[in-house]
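My entries follow in the order in which I checked things.

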Amino acid sequence: MDKITCQMTVLFEGAFWVGVFEKTEGNRLSVAKVTFGAEPKDFEVRNFILKHFYELKFSPEVKTQVKERKQNPKRAQREAKKQLQCVGIGTKSQQALSLQHEEYKQKRKEKGREQKRIEEERRFMLKQAKKKEKHRGR
């Protein structure tokens, strides 16, 4: 059975506070990014996770290495403190986010092309109808 872990990092990026969710299933990593705007309080982050976690759109999965090891509770505490001090998100997370961004961009382009084709078709039909009206009037 694969082990599933999920980790959230809140960081200041540009002009906004951002939450990055990293979900690891086995040796596959997927990421979701949420923009909070103003700095969220701890209870706001908790409420967001409880209410909106299942609505998150995670990126396509990226292969990653997962190290399995038993850990001393004090060491885990030190590492958690160290991660709080650390700024930025992991490179695997960045790759997954960029992959997700590219996927959304591609979908938007396809949707735009389809709308443009439909609009051109509608205009063509209008021109044809006007031509028929013009010829009937003669």
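I began with W17 and looked for its bridge partner in β3, which is G37. I note at once that this is a predicted model, in which local features need pLDDT of at least 70 and side-chain atom pairs count only at pLDDT 80 or more, while totals for chains, interfaces and linings use all residues. Residues are numbered from 1 along each chain as its sequence is written, and side-chain values use heavy atoms, with hydrogens and water left out.

**Entry on β2 and β3.** I took strands as DSSP runs of E with at least two residues and helices as runs of H or I with at least four, numbered from the N terminus; two strands pair if DSSP finds at least two bridges between them. Strand β2 (residues 16-25) and strand β3 (residues 28-37) run antiparallel and are joined by nine bridges. Along this pair I also found V18 with T35 as its bridge partner in β3, and T24 standing opposite L29 in β3. The hairpin of β2 and β3 has two residues between the strands, and G26 there takes a positive phi near 65 degrees.

**Entry on the neighbouring strands.** Strand β1 (residues 4-13) is joined to β2 by 10 bridges, the two running antiparallel, and V10 stands opposite G19 in β2. The hairpin of β1 and β2 likewise has two residues between the strands, with G14 at a positive phi near 70 degrees. On β3 I followed two bridges to strand β4 (residues 62-63), again antiparallel, where R28 has K63 as its bridge partner in β4.

**Entry on the whole sheet.** Which order do the four strands take in the open sheet? I read the order as β1-β2-β3-β4, with antiparallel pairing. The edge strands are β1 and β4, each of which pairs on one side only. Helix α1 (residues 42-52) packs on this sheet and touches β1, β2 and β3, its direction making about 135 degrees with that of β1. For this entry I counted contact as heavy atoms within 4.5 Å; the axes are lines fitted to C-alpha atoms, for helices over the stretch in contact, and angles run from 0 to 180 degrees between N-to-C directions.

**Entry on charged pairs.** I then searched for salt bridges, meaning a side-chain nitrogen of Lys or Arg within 4 Å of a carboxyl oxygen of Asp or Glu, and the structure holds eight of them. One of them joins the side chains of E13 and K33 at 2.7 Å, N to O; the pair links distant parts of the chain, with E13 in strand β1 and K33 in strand β3, 20 residues apart. I called a residue buried under 20% relative accessible area, exposed over 50% and partly exposed in between, with a 1.4 Å probe and protein chains only. E13 is partly exposed at 34%, and K33 is partly exposed at 40%.

E61 forms a salt bridge with R28, the closest N and O atoms being 3.0 Å apart. Because E61 lies in the loop between α1 and β4 and R28 in strand β3, the pair ties together parts that are 33 residues apart in sequence. E61 is partly exposed at 43%, and R28 is partly exposed at 28%.

In helix α3 (residues 91-136), E102 and K105 lie three residues apart, about one turn of the helix, and their salt bridge has its closest N and O atoms 3.4 Å apart. I also noted E114, R117 and E121, which are linked in a network of salt bridges.
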